[in-house]
Amino acid sequence: MADTLERVQRIIVDHLGVDPSEVTPEASIKDDLGADSLAVMDLIMELEDEFQMEISDEQAEKINTVGDVVNYIESRS
Amino acid sequence: MNKRVVITGMGVISPIGSDISTFWNNLITGVSGVGPITQFDASDFATKIAAEVTDFDPLDYMDKKEARRMDRFVQFAVAAAKMALKDAELDIEKEDPDRVGVYIGSGIGGLRTWEEQHNIYLKRGPRRVSPFFIPMMIANMAAGQVSIQTGAKGPNSSAVSACATGTHSIGDAMKILQRGDADVMMAGGTESTITPMAVAGFNALQALSTRNDEPEKASRPFDKDRDGFVMGEGAGVLILETLDHALARGADIIAEVAGYGMSGDAYHLTSPAPEGEGASRAMLRAIKDAGLQPEDIDYINAHGTSTELNDKFETLAIKNAFGDHARKLAISSSKSMFGHLLGAAGGVEAIATALALKEQILPPTINYETPDPECDLDYVPNEARKAPVRAALSNSLGFGGHNATIALKTYDD
């Protein structure tokens with residue numbers, strides 16, 4: 001879990017240019033971290049590469065917070 | 001009477017400096033910005049040299065998130081526009097943003113992004129192509145991002161006319177101001193295509209110099225031993241304002257944009273029209289638009305690419321447009337120092353021309369060693385020259401037969 005969270009945090013910090021302290025499990029990727037729709041799609045692609053998995057469009061739409069991402073990845077691995 | 005248009009600020013990203021004072025000092029001391037290509041492995045290419053921008057950090061002008069969403073040509077434009085606004089001491093938040101516009105073009109656009117994403121597509125398939133691919137690659141995005149980053153909500157567009165792009169952008173922006181559609185325009189060109197496909201493509205046209213062993217001497221406009229242009233990269237953005245607006249806010253006026261002329265060759269994809277007649281017409285139209293006579297022009301900042309055909313036909317064009325006065329005026333090619341910036345050339349060279357008017361110094365054509373009987377005018381060889389300059393032209397001639405000229409003059413009230 002900690003390892004997955006760290007990897008997700010690193011990607012989000014890199015892509016969205018936010019401070020690492022902001023990337024908490026409760027943070028909403030769009031509302032709190034300022035990602036627009038293009039940034040979300042870009043992030044999903046990067047996560048698919050990082051974790052060697054495919055995230056469907058339907059699933060991607062359900063993701064809101066950083067914690068949602070971590071839980072989804074954990075549930076698939 | 002048309003509204004008068006003046007230049008009140010300038011921003012430059014170039015191979016010989018990415019601030020106005022470094023750029024100008026290098027321009028009048030004849031510093032070359034040409035060297036071996038470092039942006040990709042050019043060992044298999046006929047041309048292994050270019051004029052690269054080496055002192056640019058996008059994070060000086062934008063945050064990392066924004067920089068990631070821009071091709072290098074867009075980063076250059078945003079940086080040059082912010083620099084120009086600062087130079088003009090113009091705060092858009094204190095203006096009516098609807099009256100501040102942007103007209104910045106690129107000759108080619110995001111070729112670097114296109115090549116990277118095409119490689120990803122070939123290796124990994126269509127699902128791995130970035131959602132930022134299209135918005136980063138399209139050539140109009142420099143103008144789009146400059147408005148997003150600065151808040152300018154007035155007229156917003158871009159010319160795409162190969163190597164004439166920058167001059168078309170400035171001329172078209174001037175006309176927008178003259179007809180009253182805006183008070184201020186950020187105008188110019190940007191380009192960054194030192195990439196494998198661009199170098200391979202221009203090599204296939206035999207347009208690039210292959211003087212790989214002497215990079216600093218490769219760009220040698222009007223010299224008999226010229227063997228092609230040297231690709232450069234960068235951006236030049238000028239703040240154009242109606243004179244009334246500039247005076248009302250007490251802005252420092254650098255020079256006046258007095259006239260604009262353009263024409264089409266209707267002749268060939270890449271070769272200039274016989275006798276350079278299309279370029280002649282563009283120059284004469286700019287002079288007429290400025291309310292000047294050919295004899296009033298003291299200096300021409302030439303397109304002067306260092307290709308055999310351009311320099312020969314541009315010389316003929318100047319002779320045909322000016323008659324006897326062609327031998328009295330001074331001509332120089334700044335490309336001898338910073339290479340050919342393609343769609344950015346007109347933007348950066350307008351800055352060089354405006355500075356020549358402001359400082360009353362003509363930048364030289366460096367690497368002028370062997371006279372060519374077909375290029376027999378005064379090209380300000382090798383050394384900058386102090387000279388009275390009241391009115392000047394800046395020429396840009398593009399593949400497709402696009403010819404664009406702007407006429408600048410010293411500001412007198």
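Helices (H or I, at least four residues) and strands (E, at least two) are DSSP runs, numbered from the N terminus. With these elements as a guide, the place of Cys163(B) is in the loop between strand E5 (156–157) and helix H7 (165–178) of chain B. The structure is a predicted model, in which local features need pLDDT of at least 70 and side-chain atom pairs count only at pLDDT 80 or more, while totals for chains, interfaces and linings use all residues. Residues are numbered from 1 along each chain as its sequence is written, chains are lettered from A and ligands numbered from 1 in the order in which they are written, and side-chain values use heavy atoms, with hydrogens and water left out.

An unreviewed UniProt entry annotates Cys163(B) as "active site"; UniProt positions are given in the numbering used here, feature names are shortened, and annotations may be inferred rather than shown by experiment. Cys163(B) has a relative accessible area of 10% and is therefore buried, a class that means under 20%, with exposed over 50% and partly exposed in between (1.4 Å probe, protein chains only). Apart from neighbours within four places in sequence, Cys163(B) is in contact with residues including His303(B), His340(B) and Ser396(B), where contact means heavy atoms within 4.5 Å. The unreviewed UniProt entry also places the annotation "domain: Ketosynthase family 3 (KS3)" on residues 2–410 of chain B. That span is 33% helix and 18% strand, and its end C-alpha atoms lie 18 Å apart.

Attention now turns to the contact between the chains. Chain B contributes 12 residues and chain A 15 residues. Together the two chains bury about 1,200 Å², 43% of it on carbon and sulfur atoms; buried area is the accessible area (1.4 Å probe) that two parts lose on being put together, summed over both. Across this interface there are 8 salt bridges, each being a side-chain nitrogen of Lys or Arg within 4 Å of a carboxyl oxygen of Asp or Glu. On the side of chain B that touches chain A, the largest share, 3 residues, comes from helix H2 (residues 64–68) of chain B.

Side chains of opposite charge can pair when their charged atoms come close. Asp49(A) forms a salt bridge with Arg124(B) at 2.6 Å, N to O, and another with Arg128(B) at 2.7 Å, N to O. The latter pair crosses between chains, from the loop between helix H4 (111–124) and helix H5 (133–137) of chain B, which holds Arg128(B), to helix H2 (residues 37–51) of chain A, which holds Asp49(A). Arg128(B) is buried, at a relative accessible area of 13%, whereas Asp49(A) is partly exposed at 27%. A network of salt bridges links Glu48(A), Asp49(A), Arg124(B), Arg127(B) and Arg128(B).

Within chain B, Asp372(B) and Arg226(B) are joined by a salt bridge of 2.9 Å, N to O. This pair links distant parts of the chain, 146 residues apart: Asp372(B) is in the loop between strand E11 (361–362) and strand E12 (385–386), and Arg226(B) in the loop between helix H8 (196–204) and strand E7 (234–242). Asp372(B) is buried, with 9% relative accessibility, and Arg226(B) is buried, with a relative accessible area of 9%.

A further salt bridge joins Asp376(B) to Arg327(B), with the closest N and O atoms 3.3 Å apart. Here Asp376(B) is partly exposed at 32% relative accessibility, while Arg327(B) is exposed at 52%.
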